[in-house]
Each structure stands twice: as C-alpha cells, then as structure tokens.
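Q: Can we go through this model together? I'd like to start with the packing and then move to the ligand.

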Amino acid sequence: MKRRRAIQTLAGISVAGALPLPASPQQTSVAPNQPTGANQPPNETPKLDSAVAEAAAESVPRLFSSAQFGALGRLAELLMPAAGENPGAKEAGVAEFLDFLIGASPADRQTLYREGLDKLNVEARNRYGKHFAETTGTEAGTILAPLRRAWTDESPEDPLARFLQAAKQDVMEATLNSREWSVTRAKRSRRAGSLGMYWYPIE
Amino acid sequence: MKPEYDVLIVGSGASGGMAAWVLTQKGVKCLMLDAGPLVDFERQRGLKHVYELPYRGFGKPGRFPHVTQADEFNANVWADEKQNPYTYDPDDPYYWVRIRLVGGKTLMWGRASWRMSDYEFKNKDHDGFGDNWPISYKDLAPYYDRVEPLFRVKGRREGFPQIPDGVYLEDNSADSESIRRFIASAKRMNVPTTKERVATGQFASSVNLLLPGALETGNLTLIPHAVVREVSTDRKTGLANGVHFIDRRTKREYHARARAVVLGASCLESARLLLNSGLANSSGALGHYLFDQFYVKNVVEAVVPEARGGRATRELMGGDGYIPRFRNLDTREKKFLRGYAYDFGSGGTPHPRYFPLYGAELQQALADVSGAGFGMTTMGTVLPRFEHLVRINKDVKDEWGIPVLHIHQKYTENEFEMAKDSMQVAEELCRGAGFEVIAKHWQMVPPGESIHELGTCRMGDNLKTSVLNQFNQCHDVKNLFVMDGSSFVSGGSQNPTLTILALAMRASEYLAEQMRRRAIG
Ligand SMILES: Cc1cc2nc3c(=O)[nH]c(=O)nc-3n(C[C@H](O)[C@H](O)[C@H](O)COP(=O)(O)OP(=O)(O)OC[C@H]3O[C@@H](n4cnc5c(N)ncnc54)[C@H](O)[C@@H]3O)c2cc1C
C-alpha cells in the first residue's frame, strides 16, 4: 500500500481525489511520464488505496437469533482463542463473519448451524442453568466432548458432532483468513502468507 | 461464401491444441472453435490478500457444488455450473470438473506425466477382463518420445515396465532424509518408487506450448466464445461438413464449414456433441464404458517423529515421489484385478481434523507437528464397464439451449477392494519408515473428481463394439475424429494427459497424411 501511495504522489495525483478525465488531443501530446504541473490535468489513471468494509464498520448479524449468535461467539472463542500476539476468533470477528457466510449458504448448512447452536444452549441450560455464552471453559468442555472423539472418515450420525466438526473447521479458517491475522503475521514475517493469485472474472 | 477450412477443431485444450500444432505445421488450414474466452494473464490475474475477498477465501457458498478444487481465488476459472448443468441419479453423484477457457483444463492441470504400458493397452491378454486397445505400446512410444520434450517433462529413468521410461529433463535432485527412509521401507516391501514425472514451467499448457506455434504458421484461425452445438453432415455423403455453433455472449447462431472435423472438447463434451448430432453410433457403444481413476486423498496421514517440536529441517523434511502400480504385474491378487499408484509427499502440517482437540490444545498440537507431516494419495485403476455411461437428458438444457448429459458412473467391488488394499499397504510403508500414522481411510472421492474422465467413444477394430478406429477416426464418418480422452479403451493408475497428447499427435499426423493423399477431404 505504501508503495502505491508513493507512486501516486510522484505522478502528481492527490490521493484524495482526481478522477481521470478523458484525454483531449492536446493532452495526448504530453509524454506519459512527464510530471503534471498545477495547471495540467493528470495523464495517468490513479490507483486509489481502499480498505475493506470489515476494517471500518460493524457488520449487522442477520441469520442467527441473539441466543444463537451468543452461543456462536462463545464457541468461536473456545475453538480459536487468542494466543500471544495472534488474534483469536473474537478479534477476527468470526461470529459476525459466519453469520454472514452461513446466511448465504444452502439451507442444509443453515439448519446444521442453527440446530447445533440451539443444542449448545439446551445442553448448557440443562446442565448448568445458563446460556452457552455464559459457560466457563470447563463447563463448555463437557458439551464439546464430541470434538474429543478420534477422527474417522465417516461423517458422525449425531447432528451436534457434525455441527461441531464443521464449526471447528470454519472458525479456524475464518480466523486464519482474517485481516487481523494477516496484519499480525505481517509484523513478524516479511512473507505475506495471505497473498494469493486471484483470477478476475474473464469476459 | 465464407472460407471452407481444411480441418475444424473443436476445443483448444490438450487434444485440440495438439491437433492444431501438428496439422498447421503440415500446411493444413485449421479453424479452432472454443466455447470459452481468451485469458489475458496480465489483466485477468493479480495478487490479492485472502481477507480482501468478499467471502474470506471460502468462496460464494453453493457456487460450485461439484468442484472441490474451486476456491475463492480461482473461482472464475471453472465452468459455471448453473450455465452448464448436467444430471445424475441422486444416489450416484458425479463430480464433473470443467474449464471453459481457451486452453481448457491445461490452464490448471497438475502436469503429472506418465506413460501407459501394455499392462493397459493389452490388459485383456493380461487378466482377461474387458478389451485390448487396437494399438500397443510400441505404436505410441515414438509419439510419447516427442511429446515429452515439447512439454519439458522432468523425471528419472528407472526401467519399470509398467511406467515405461521417456525422454526427460533428468531429475537428479537429492531426497530429504524422510523420503530416503520411506524409499528404504518400500524397498524392503518390494514396492518400487521413483521421482515424480511432471511437465515443468509455471504453465505447461496448450496456450503457451501448442497454440503459439500453430498460430505462427499462419494456418490457424482461433475463435473464442464459440459454443459448438452440433456437427453438421452432407446429406448425400454422410460426411461431416462443419459445425453449428453459438456465440457464448450474444447467442448468435453460426455455421462453419470444413473438409474434416476434429473433436477435442474434452471427454464428455465430445461424447455429448456426437450424441446431440446423432452421429457415429452404429455400434451402440457411444456414451458407454465411461471410467476414470479413483482417488483416495490422504489415504494415510503420518508424522515423522524426529521432526516434531520445530525440528522439521530441510535435511529431514520436504520433497515428494511416486509409487507406480505394483499389484497384479507378475502375481495375481485374490480380491481385485489391476492396481493402483501413490503420490507421496513429505513436509507440511497435518490437517486439524485429525486431532481430537480444540482451542489452545489444538494450536499446541499443530505447532508441534508443524512441517512434520507425511501424506500419501492413492490413484487407482477403474474398470471400464458398458453400463457406466452418458446419455442426453432432453429435459434439461444449458444456457445456450443445448441438451445436457445425464452421467451414470459408480465404483464397484474391484475398486473398493483395491482402495482397502492401498490403505493397508500405505500404513505398512509409513510404519516401516518409522513414521507415526495418525489417520488412515479408504473413502474414495466421487467419480469424476479425479478429473481424469475417460471412455465413451472408445477405439477398437470391431465396428460393432467401438466408435473410433486406432487413429481416433469415427468408423461411421471417415472425416470425423475424436482426439480427447473419450477414445480410451481402458486406463491405468497413470494420469492420462500425456497419453491424450500422444494419441492426438498420432491421429493428427494420420489425418494430415490422409488429406495429402486425398483419402479425406
Ligand atoms: C486441477 C487439475 C489438475 C489436473 N492434473 C492433471 C495431471 O497432473 N496429470 C494429467 O495427466 N492430467 C491432469 N488433469 C487433467 C487434464 O487437464 C486433462 O486430462 C486435459 O486437459 C484434457 O484435455 P482435453 O483436450 O480433453 O480437454 P480440455 O483441456 O478440458 O479442453 C477442452 C476444451 O474444449 C472446450 N469446449 C468444451 N465444450 C465445447 C463446445 N461445445 N464447443 C466449443 N468448445 C468446447 C473447452 O472450453 C476447453 O477449452 C488435471 C486437470 C485439472 C483441472
């Protein structure tokens, strides 16, 4: 980002504005690299820095009820807690993100999550008389026991176990792919692990 | 009147690209039609952070229910499943993975390049099942010899008859200690190993290795966005005289004319085209004998104990290799015919799902095995069966109004037994090397997912049981050729593209010669 800003400054483009204007015949006679003076319209198309919405705004949960959302927040925190400098699911806004992602997912995925979160609340109420969101780590641990079963290639019969497996995977991935995770890692290593080759829509 | 071309080629992937490469250099004027657009690699790809993607790398949910290879970075590469539907019985799902861009699937392929042998070409002689090919290894060997340098295949010559040696950039790279230990374990069990054989370069695609040369001759006209619907024939002669196609973007209809037609639209698309054209099926074999390779991904997941706790050094970990088929060569298995191969790789961190833990404990466990993983994947031979087939489903049409395929393929006892065997052997190999096996299974991915679909227009000498002759030429329509993997009579555990390329080269040279002699066109 810093490099881009430097290039824009060199080209005499104010970062805050300057939409490219269609070039007039006179302007095209100006060599493209020539610095543009105060009276000359810019000849280069600016590349503006931008941010992602998640960096600047709260996302509004849409799918889950407040009880479900509370359970998801607690579950995410338990599955992927912050460790040392590394942000956890909470710092990475994972519950908010999953509310969005699952809300955009096929119906069976939504049902798996909704029923799974309800089940966490029912279990917490039956065992400890509270919402799952209020459970201690030890209390929650008894409810999350299916995650301590050895791996098999069969998808579990028990819907809670199926939900917890899916959530374990989703919460980790949503944390590792978050902006917060990337920023923290970038401070420690020059290798930007979150970069990938993106294919734009091909017309 | 628009020009009539010598040869019209449908598809620009491995097979279509090779046809163009050979034919244009022999002075044959070719028109190539591809359903997809051209890729501008500078403009249409760029680096992004995963968090900049709208779905944080998860991809738009439900966009690609059958393409497990799709992620949010590459989602725009795969053929859109809504525009390009197909059907199957709900109990037997088929994962059809397609790329509709100039270059086809060679834009993304893993580049593994293995020769097939007479264990495949003459498999009936060997074990009595199915049919032999009308060619043997020695017929194809000279073409393999030319394809490998063209695709800059790297490998090591070993003298194994089941994967004949080729013309390689010699791979003399050293192995890490974990790989050396694994190879020693395999040797003790009489299981052969070798280096991977892969086409090198960032791309080893039709778009950089075949099409530029063909275009340079001035004999190739390439038209993207051209969705071919049907092969047209001359009413009097019954010969192919061109194709009907539709502009992908505008749906405008066209007809292009040529003296011969080559289909290289990929295995199932070529079968679909023939079925929709009502051609080349006097045998009743068209669409039948669909098979692929079965994959058991991560059949075992192991950890190299000495690499735990941050000790996964470069000397100890890293690198990969291949185990060619070793079953049913000189001996006979009781439970299954033919055999399977493995890819193996050292390094990397095992997937969190294998650990019955969560939270901080899981993070600690993962940190402990960071870089210490050792994994194996099985690639198994699938028996071609008449009842595994594609047919046209007239009730469903694609975005361009073209009837789609109904696909029926499932794995059977022979494949299941092979998969189980591969799990046991993989575990023994890892244990023999002193690795800890943390997970094992034999669940295959659904048919199609290996992206090695083959058959449906098989070749043969018998006009009653095959669609093509040994030169990929339709028995019924002499100036119509099918040059992709649909011509395969059977397959092995080897990935098929090198063989597709060699067959397409051989068939194209035959076609050029037939045209020169005026036997065709
Ligand atoms: C991720 C991935 C990894 C792979 N790894 C390997 C590997 O390691 N080794 C290996 O051997 N193989 C591998 N493969 C498979 C390999 O890519 C294919 O075998 C090979 O590309 C097949 O060549 P083809 O010419 O038959 O089809 P394609 O390469 O798919 O080309 C077909 C072309 O036809 C066009 N087309 C389709 N229908 C129409 C129509 N109706 N009208 C006009 N044009 C049409 C398509 O747009 C496409 O460009 C891999 C594939 C993928 C996707």
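**Core, ligand shell and loops**

Q: What does Phe151(B) touch, leaving out residues up to four places away in sequence?
A: This is a predicted model. In it, Phe151(B) touches Trp109(B), Ala199(B), Thr200(B), Ala204(B), Leu209(B), Leu210(B) and Leu501(B), with residues up to four places away in sequence not counted.

Q: And in the largest nonpolar core, which residues touch the most other members?
A: Phe151(B) and Met376(B) do, in a core of 180 residues. Helix H12 of chain B, residues 497-516, gives the most to this core, with 12 residues.

Q: On to the ligand. Which residues come nearest?
A: There are 35 residues around the ligand, and Ser15(B), Asp34(B), Gly110(B), Val228(B) and Thr497(B) come nearest.

Q: How much of the ligand does the protein bury?
A: The protein buries 94% of the 1,000 Å² that the ligand exposes when taken alone.

Q: Which elements give two or more residues to that shell?
A: In chain B, they are helix H1 (14-25), strand E8 (226-233) and H12. E8(B) gives the most, with 3 residues.

Q: How does the shell divide by residue type?
A: Into 17 nonpolar, 12 polar and 6 charged residues.

Q: Where is Lys251(B)?
A: Lys251(B) lies in the loop between strand E9 (240-247) and strand E10 (253-263) of chain B. Its phi is also positive, near 65 degrees, in a residue other than glycine. Lys251(B) counts as partly exposed because its relative accessibility is 41%, which falls between the 20% and 50% limits.

Q: One more loop. Where is Thr193(B)?
A: Thr193(B) is in the loop between helix H6 (177-188) and strand E6 (198-199) of chain B. At 13% relative accessibility, Thr193(B) counts as buried.

Q: What does Thr193(B) touch?
A: Not counting residues up to four places away in sequence, Thr193(B) touches Glu158(B), Phe160(B), Ile183(B), Ala186(B), Tyr322(B), Ile323(B), Pro324(B) and Phe344(B).

Q: Last topic, chain A. How many helices and strands?
A: Chain A has 9 helices and 1 strand. Along the sequence the pattern is α-α-α-α-α-α-α-α-α-β.

Q: How many of its residues are buried, as a percentage?
A: Buried residues make up 36% of the 203 in chain A. Its accessible surface comes to about 12,200 Å², with 54% belonging to carbon and sulfur atoms.

How values were computed. Residues numbered from 1 in each chain as written. Chains lettered and ligands numbered in written order. Predicted model: local features only at pLDDT ≥ 70, side-chain atom pairs only at ≥ 80, totals over all residues. Heavy atoms only, no water. Core = buried A, V, L, I, M, F, W, Y, C linked by side-chain atoms within 4.5 Å. Buried < 20%, exposed > 50% of the residue type's maximum accessible area, 1.4 Å probe, protein only. Helix = DSSP H or I, 4+ residues; strand = E, 2+ residues; numbered from the N terminus. Contact = heavy atoms within 4.5 Å. Near = heavy atom within 4 Å. Areas by Shrake-Rupley, 256 points an atom, 1.4 Å probe, with all protein chains shown as cover. Nonpolar A, V, L, I, M, F, W, Y, C, P; charged D, E, K, R; others polar.
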